[in-house]
Amino acid sequence: MAAGDFLSSIELISPTEFAKKKIQSLQDYSILAAESVVNLFRTPRYVADMIQQMDLIGFGSLPIVLASVFFTGAALALNSATTLSRFGATTVIGQLVSIGIVRELGPVLAGLVVAGRNSSGMASELGSMIVTEQIDAMRALGTDPLKKLVTPRVVATVVMMFFLTILGDLMGLLGGGLVANFLLGMNAHEYWSNAWQTLVFSDVFMGLMKPLVFGFIVATVGCYYGLSTKGGTQGVGRSTTEAVVAAMILIIVVDVFVTRFLMVVLGS
Amino acid sequence: MATPTLPIEAPLSTSQPPSGPVIVFEDVSIAFEENVVLDGISFTLPHGETKAIFGVAGAGKSTLLKMALGLLKPDSGHIYTLGEDVTQMTEDQLFELRRNVGIVFQESALFDSLTVRENVAFRLMEEGKTPAAEIERRVREALRFVELENTVDMFPAELSGGMRRRVAIARAIITQPETLLYDSPTGGLDPVTSTTIVELIIKQRDVSKTSSLLVTHRLQDAFIMANHYFDAKANQMKPVPPGGKIEAPLAFLILRDGKVIFDGNIDELAHTKDEYIREYIS
């Protein structure tokens with residue numbers, strides 16, 4: 001296509017129309033998110049689908065979550081050691097890694113990794129079902145796609161994010177511990193007792209609340225983009241990309257607000 | 001001369017057929033963004049009739065079927081399906097109505113992660129009211145109807161295009177609906193397979209006495225339906241003998257630029273003076 005043809009094919013959209021579309025999208029997303037929760041209290045409940053999704057999302061994401069948090073914990077210990085050694089305070093590496101991983105890095109990294117793997121998977125799966133009319137067929141056969149497809153994915157992601165984060169935190173601490181022990185020559189007992197004793201209720205509570213919010217974001221954003229797919233296979237690709245980008249950005253932005261909110265609530 | 005009685009078995013459905021029209025469109029319009037697809041169309045599908053819907057690509061034929069089932073809401077007008085105004089119904093209310101209306105989608109729309117058995121049984125399994133043995137019996141009965149009982153454990157990806165359409169028909173008829181909607185059931189198929197599909201539609205029409213809307217690009221499909229009946233004893237369709245008449249009337253509906261430009265039977269179609277229609281059917 002010549003450059004002139006390409007430029008003439010670009011459709012300009014008025015700011016008003018653009019704003020309307022964005023507000024409409026936000027409204028549609030809010031309705032889908034609300035329905036996914038409300039459906040928990042309606043029959044039928046697709047327990048088998050939830051368990052299947054837990055397997056796909058939870059066990060499927062386990063290796064990459066564990067690996068990413070493990071190496072981040074190790075890198076955090078290495079970087080901290082450089083700074084802390086200037087003050088002769090390398091003994092507090094355990095505390096630093098522990099707080100950093102449990103309060104922030106564990107949940108956020110797990111969220112981002114699960115978003116990268118599962119928001120895209122959900123968007124592409126549901127998007128393909130849209131373009132091949134399988135969603136219409138499901139409705140025609142008397143089944144609500146939100147109940148059958150969205151709610152099980154939301155429940156499964158929220159539940160599995162919780163456990164993935166706990167395991168990820170442990171691996172992060174282990175990564176930091178191995179670096180502290182083998183590279184920095186720290187006593188393993190010292191590292192682990194520091195890491196353990198520094199954690200208080202508010203740290204653990206914050207670290208375990210975030211994955212619930214992130215899991216909800218990953219699933220609802222993935223399902224929303226999947227079910228909003230338009231335009232055939234090209235549209236499926238677009239939805240997949242947009243779902244990952246939106247879920248990751250939302251996780252990072254919402255993390256700030258959740259952290260601040262929990263700090264106020266917990267007084268920490 | 002008396003009209004010959006055709007050798008057709010009793011319908012599968014035991015419910016009493018309603019006497020009123022099955023589907024009524026009243027001044028229905030729908031647009032997608034700036035593009036007006038259907039503009040104030042009205043027509044009626046009487047009980048027992050098959051209406052073949054024609055129009056160029058993008059004329060709104062598939063949209064029309066989806067609106068009849070409440071899968072899409074029109075911008076204005078009313079649609080009555082089995083006496084219910086689907087434009088005013090909630091999704092939950094529509095789920096109940098859809099039990100009595102089967103649909104065969106353009107590309108079959110089989111669930112690709114489910115086997116043929118699970119696809120055909122989908123509605124019964126979702127309802128959760130039918131015992132497993134009864135579901136299995138009905139699945140096999142529906143698949144036997146489309147002569148694909150041997151594919152019960154296969155996945156849609158393992159089937160040919162024609163076989164997928166036949167499974168889609170089996171899925172649509174498993175609850176013995178009063179009405180069937182066919183969205184280009186022969187689209188993209190070779191002539192032999194297309195004829196097999198048309199024969200199944202005729203079989204369903206004549207054996208089960210269902211009313212139906214048939215969207216198609218192929219005029220010959222409709223002409224075959226108009227001129228053939230299903231002989232249950234011979235288990236094949238046969239041409240209507242000279243002077244004979246099929247029980248289920250066939251009507252034609254032609255769409256152009258969002259409007260209905262023809263709604264009538266095969267004789268009226270053959271004698272139309274409309275230049276566009278004459279060109280279309282030639």
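Residues are numbered from 1 along each chain as its sequence is written, while chains are lettered from A and ligands numbered from 1 in the order in which they are written. Because the model is predicted, local features need pLDDT of at least 70 and side-chain atom pairs count only at pLDDT 80 or more, whereas totals for chains, interfaces and linings use all residues.

**Whole complex.** With everything displayed, note that the predictor gives the complex an ipTM of 0.88 and a pTM of 0.87.

**Chain A.** Select chain A, which has 9 helices and 0 strands; helices (H or I, at least four residues) and strands (E, at least two) are DSSP runs, numbered from the N terminus. Its C-alpha atoms fill a box of roughly 65 × 55 × 35 Å along the principal axes. Of the 268 residues in chain A, 42% are buried, a residue being buried if 20 or more other C-beta atoms, placed from the backbone, lie within 10 Å of its own.

**Two helices of chain A.** Next select residues 47-86, helix H3(A), together with residues 93-131, helix H4(A), which pack at an angle of about 145° with their axes 8 Å apart. Axes here are lines fitted to C-alpha atoms, for helices over the stretch in contact, and angles run from 0 to 180 degrees between N-to-C directions. By class, their contact has 17 nonpolar, 8 polar and 1 charged residues; Ala, Val, Leu, Ile, Met, Phe, Trp, Tyr, Cys and Pro count as nonpolar, Asp, Glu, Lys and Arg as charged, and the others, Gly among them, as polar.

**Between the chains.** Now show both chains: the contact takes 17 residues from chain B and 12 residues from chain A, two residues being in contact if their C-beta atoms, placed from the backbone, lie within 7 Å. On the side of chain B that touches chain A, helices H2 (91-97) and H3 (116-127) of chain B each supply at least two residues, and H3(B) gives the largest share, 3 residues.

**Helix H7 of chain B.** Select residues 219-227 of chain B, where the buried residues are Asp221(B), Ala222(B) and Met225(B). They lie on the same side of H7(B) because they cover an arc of only 95° around the axis, the arc being that of the directions from the helix axis to the C-beta atoms.

Where pLDDT is low, the predicted coordinates should not be read in detail.

Methods:
Buried ≥ 20, exposed ≤ 12 C-beta atoms within 10 Å, placed from the backbone.
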